[in-house]
Amino acid sequence: MKKIQILGTGCAKCNELAANTKEAALVLGEAVEVEKVTDIKQFVNYGCMSTPGLVINGTLVSQGKLLKPDQIMKLIRPLDLD
């Protein structure tokens, strides 16, 4: 199971990124755990300086962008090859 974290303060873009992430995982048939992280100190630990941030299995893969589900699917898929 992949752990996906949404880094953000709870704004509309952060919530939409969380929804898009869940949709992407559903389309791919991936088992994921989606967690919202709202602690700004944790953002810095991931190197995220602009929200919303997207972390997959501990790696910051996007920041400051509201990604669409198809964009998120491209970020989730390559991790299957590891």
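Buried here means under 20% relative accessible area, exposed over 50%, and partly exposed in between, with a 1.4 Å probe and protein chains only. This is a predicted model: local features need pLDDT of at least 70, side-chain atom pairs count only at pLDDT 80 or more, and totals for chains, interfaces and linings use all residues. Residues are numbered from 1 along each chain as its sequence is written, and side-chain values use heavy atoms, with hydrogens and water left out.

Start with the sheet. Helices (H or I, at least four residues) and strands (E, at least two) are DSSP runs, numbered from the N terminus. Two strands pair if DSSP finds at least two bridges between them. Four strands form an open sheet in the order 2-1-3-4, and the pairing is mixed. Strand 2 and strand 4 (59-63) are the edge strands, each pairing on one side only. Neighbouring strands are turned by 20 degrees against each other on average, direction ignored. Axes are lines fitted to C-alpha atoms, for helices over the stretch in contact, and angles run from 0 to 180 degrees between N-to-C directions.

Now take the pairs. Strand 1 (residues 2-7) and strand 2 (residues 32-37) run parallel, joined over six bridges. In this pair, K3 stands opposite E33. Between the two strands the chain passes through helix 1 (residues 12-28), and this β-α-β crossover is right-handed. Right-handed means that, with the strands pointing away from the viewer, the path from the first strand over the helix to the second runs clockwise.

On strand 3 (53-56), the pairing with strand 1 is antiparallel, over four bridges. Here I6 stands opposite L54. Strand 3 also pairs with strand 4 in the antiparallel sense, again over four bridges, and V55 stands opposite L60. These two strands form a hairpin with two residues between them. In the turn, N57 has a positive phi of about 50 degrees.

Which way do the residues of strand 3 point? G53 and V55 point one way, L54 and I56 the other, and all are buried. In a regular strand the side chains alternate between the two faces of the sheet.

Contact means heavy atoms within 4.5 Å. Helix 1 lies across strand 1, strand 2 and strand 3, at about 160 degrees to strand 1. Helix 3 (residues 69-76) packs on the sheet and touches strand 1, strand 3 and strand 4. The direction of helix 3 makes about 35 degrees with that of strand 3.

Helix 1 has 17 residues and reaches 24 Å from its first C-alpha to its last, close to the 24 Å expected. That expectation is 1.5 Å times one less than the number of residues. Its buried residues are C14, L17, A18, N20, T21, A24 and A25. They lie on the same side of helix 1 because they cover an arc of only 165 degrees around the axis. The arc is that of the directions from the helix axis to the C-beta atoms. What covers these residues includes strand 1, strand 2, strand 3 and helix 3.

On the other side of helix 1, A12, L26 and V27 are exposed. L26 has a relative accessible area of 68%. The C-alpha atoms of L26 and P69 are separated by 9.9 Å, with the two residues 43 apart along the chain. After helix 1 comes G29, whose phi is positive, near 75 degrees.
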